[in-house]
Amino acid sequence: MRRSLLTPYLMAGPAVVLLVAFGVFPVLVAAVVSLTDMNISGLADFSRVNFVGGANYAALVEDPDFWKAIANTGLFVVVGVPAVVVLSLSVALLLHRSDGRLARGLRSFYFVPAVTGIVAISLVWGYLYNTQFGLFNYLLSLVGLEQVQWLSDPTLAKFSVALVAIWRGTGLNIIIFLAALQGIPDEYLEAAQLDGAGEWRITRSIVIPLLGFAIFFVTVTTLIGWLQFFDEPFVLTDGGPLGATTSMSVFLYKEGFRLNQFGYSSAGSIVLFAVIALVTLAQLKLRGTDADR
Amino acid sequence: MPTGRARPVRPAREKGAQRALSLMVVVALTVGAGVTAFPLFWMLSGSLKPQRESISFPPTVLPSQPTFEHYVRLFTELNFTRYLMNSVGVVLISVVGLFLMAMAGYAFAKFEFKGKQPLFFLVLATLMVPVQVTMIPTYLILNSLGLTNTLLGIALPTLVSGFGVFLFRQFMSTIPTETLEAARLDGAGEFRIACQIVLPLSKPVLAVQAVLTFITAWNSFLWPLIVASDQKLYTLSVGLALLNQQLAVNPSLQMAAACVMVGPVLIMFVVFQRHIVQGFTMSGLK
């Protein structure tokens, strides 16, 4: 009997220990480290680490680079979230409408970018964006337009980097929307058709409202994803030119691992965590009022 | 679905308009699919071009003289054999994580024990924590454990995911308790039941998780980048990032390297598409 009491702990133990060690405990460590001046020398010798209270947070508020990273992240969110949601919803609606064998085969093409690794993909897009021998500039020259500095013009680079993330980000959401579309009972649509409603009308007045939860869910997860936007600017532009594509996450990585300012970077990560937690809470609250209706 | 089965009789003109619309949708979808997949085609085509052709202007669509020299160079002159082995190593270690997640899922699904609720809450809470917060502390933890610059250290932070445990629990709750009780009456030990009855019954969710685990481990970039400072431990993704800085003038070589990394995942995708789509659908509903 004693043995069987222990059994569930032995089974769940390893996974729970790992999750606590690398998922929960680090949050506490980050909170503590954010109150210290820990850097590379503190890594070798903990006695060199001093408690500095809220100094890191005060410095963040004064740091123009931090504000620039916040502004960039805000822009990425404003551009990226609507683009991903609208694009994936439209493609899902069209894919769902044409249920033939051809359309089924086409689905894979839309899903594939979602499983590709960012580093490999950044090489490919970097080649496409190349100013001297890239395909995009060649296409521009075909229609008589001037050459464009896709990744070295500070304003354009933001959009070039976001485009790659939009390309990679839609596949997963298309899958989610398609699953939700399959869940809509045929009777609703048939009833509307019998009433003489046209296709566009049915889509707008019946299908999209019924997708409410899926749209809401995709919007929130996409929003959280863009708040943490890291991979694309990190590998394509390294946050440049002149910090134009430095998102909050890239800023935190650079402060932490390039400049070894562990305390300072941790303070920034706690701020990011707070923002994301607020968004998640807002989601729960909204979902709650949604269910009341 | 807008094109329901019980369609009312409509005038012929309207039907023709519908068919024209359907055709337009298919054409639009085909063009969209082509545009979406184009970067991957460009990657493959570029990897087979001689260097001079890949930087020629105007660019050629298909290689005029296809060559495998860049692939050969990656594995002979550059360290890609090593990077590939390291990536495979990380994937193999993550199989252990798959097993641990299945075991934990089983415990949370089919056992009653003290602290079950708070522990499961803890598991779910990890889903909310962004990686930027755990980045530095995890590095500090691995460093104090002496695990920086080891393959284990690269794999450990993402070895188990709260979502994986959750998914296993959801699935295993549907296994009838009578089946397990019968095995217990026959005198089978708990771990034997888990491995010989529960795991085989959980094949669908195992397949989904196995595919997702492979893709995540294969593509993982941030942890190898942070944990491995020794070139000997670079995985494909880190090796590729390095190549980006070193060899910007040879796109053919870069495209070949990108193919080496994307190829296995693409093959996985084609073979296991059903599982991947299923897995993503489930991960969308977390």
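Helix 13 of chain A, residues 248–258, is largely enclosed by the rest of the structure, because eight of its 11 residues are buried. Helices here are DSSP runs (H or I, at least four residues), numbered from the N terminus. A residue counts as buried if 20 or more other C-beta atoms, placed from the backbone, lie within 10 Å of its own. The buried residues of helix 13 of chain A are A:Met248, A:Ser249, A:Val250, A:Phe251, A:Leu252, A:Tyr253, A:Glu255 and A:Gly256. Just after this helix, A:Asn260 adopts a positive phi of about 55°.

The model is predicted: local features need pLDDT of at least 70, side-chain atom pairs count only at pLDDT 80 or more, and totals for chains, interfaces and linings use all residues. Residues are numbered from 1 along each chain as its sequence is written, while chains are lettered from A and ligands numbered from 1 in the order in which they are written.

Between the two chains, 80 residues of chain A are in contact with 88 residues of chain B, contact meaning that the C-beta atoms of two residues, placed from the backbone, lie within 7 Å. On the side of chain A that touches chain B, helix 1 of chain A (residues 2–33) gives the most, with 21 residues. That side comprises 58 nonpolar, 17 polar and five charged residues. In this division Ala, Val, Leu, Ile, Met, Phe, Trp, Tyr, Cys and Pro count as nonpolar, Asp, Glu, Lys and Arg as charged, and the others, Gly among them, as polar.

Chain B is divided into domain 1 (12–70) and domain 2 (71–284), with bounds that come from an automatic or database domain assignment. The C-alpha centres of these two domains of chain B lie 33 Å apart. Across their boundary, 13 residues of domain 1 of chain B are in contact with 13 residues of domain 2 of chain B. Helix 1 of chain B gives the most to the domain 1 side, with five residues. The residues of that side are six nonpolar, five polar and two charged.

Also in chain B, helix 4 (residues 80–110) and helix 11 (residues 203–219) pack at an angle of about 145°, with their axes 9 Å apart. Axes are lines fitted to C-alpha atoms, for helices over the stretch in contact, and angles run from 0 to 180 degrees between N-to-C directions. The residues making this contact include B:Ser87 and B:Gly97 of helix 4 of chain B, and B:Phe214 and B:Trp218 of helix 11 of chain B. The contact residues of these two helices of chain B comprise 10 nonpolar, five polar and no charged.

Definitions and conventions:
Helices (H or I, at least four residues) and strands (E, at least two) are DSSP runs, numbered from the N terminus. A residue is buried if 20 or more other C-beta atoms lie within 10 Å of its own, exposed if 12 or fewer, and partly exposed in between; C-beta atoms are placed from the backbone.
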